[in-house]
Amino acid sequence: EPKPIVMALGTGRTLRAAVEALRRMDCRQHKLVSLLGNIAPDGSASAYDVIMRIGDKVNAPHYPTPMPVIASSPEERDRFNALEPVRRWRRLAQRAEVTVVGIGQMDDTAPIYTDGFISHDELLSMRRAGAVGEIVGWAYDSQGRYLEYGSNLRVSAVPVDPQTGSLVICIAAGEIKLPALRGALSGGLFNALITDAVTARALLA
């Protein structure tokens, strides 16, 4: 598209696979911004961050965020968010016209747990509080309401909000994703879905 846009991106296995399959193109008129930090709990770069890869593929300015996906405490998260470079990043992400995210389940295979961002005890605690899924680290219940509890108090990501009028595209498929997808659809956490026929039929049923 020739008209410049800001596109915000989540992370995860599905988005990384999509970016790997993307053909090279020249889109220097656009801006790409990550919705969340790219630092893993051990200080290394997050394995499923996509912003650097897609920026290289499409030759567009891109804005990663060198901060933890989930801070060690609410106070640490607030200190990061008070930094002016982080404030500028958040403002850019919040005005994105297009947002593309994956979705995480909250069972024992939850990416947020298996990738080491929260402990198993924290995962169980979030499930007891009603969590059925997460988008860019923000856990939500079966009605698509973000929980004001647990690891959500430490998430550094900009939460997705289609109510602003922007296009929020979720890419997800598979039976394991159904509870998370149903919850997100109930709460209107995205307004476009790319999935497969089996998952679509299950959701419609």
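Reply: Happy to. Helices (H or I, at least four residues) and strands (E, at least two) are DSSP runs, numbered from the N terminus. On a 1 Å grid over the protein atoms alone, a pocket is an open set of points where a 1.4 Å probe fits, with protein on both sides within 12 Å along at least five of seven lines, and lining residues have an atom within 4 Å of a point. This is a predicted model, in which local features need pLDDT of at least 70 and side-chain atom pairs pLDDT 80 or more, while totals for chains, interfaces and linings use all residues. Residues are numbered from 1 along each chain as its sequence is written, and side-chain values use heavy atoms, without hydrogens and water.

Me: Which elements each supply at least two residues of the lining of the second largest pocket?

Reply: They are β1 (6-9), α1 and α2 (51-58). The largest share, 3 residues, comes from α1. Of the 16 lining residues, M7, L22, L32, I54 and V58 are the closest to the centre.

Me: How does that lining divide by class?

Reply: Ala, Val, Leu, Ile, Met, Phe, Trp, Tyr, Cys and Pro count as nonpolar, Asp, Glu, Lys and Arg as charged, and the others, Gly among them, as polar. Here the lining has 14 nonpolar, 1 polar and 1 charged.

Me: And what lines the largest pocket?

Reply: It has 27 lining residues, with T11, G12, P111, D115 and E134 nearest its centre. By class they are 14 nonpolar, 9 polar and 4 charged. Again α1 gives the largest share, 3 residues.

Me: Now a helix: which residues of α4 are buried?

Reply: Buried means under 20% relative accessible area (1.4 Å probe, protein chains only). In α4 (residues 84-94), V86, W89, R90, L92 and A93 are buried. They lie on the same side of α4 because they cover an arc of only 160° around the axis, the arc being that of the directions from the helix axis to the C-beta atoms. An α-helix has 3.6 residues a turn, so residues three or four places apart point the same way.

Me: What do the buried residues of α4 pack against?

Reply: Contact means heavy atoms within 4.5 Å. By that test, they pack against β1, β2 (31-34), β3 (62-63) and α3 (74-82).

Me: How many helices and strands does the protein chain have?

Reply: There are 8 helices and 9 strands. Of the 205 residues in the chain, 47% count as buried.

Key: Buried < 20%, exposed > 50% of the residue type's maximum accessible area, 1.4 Å probe, protein only.
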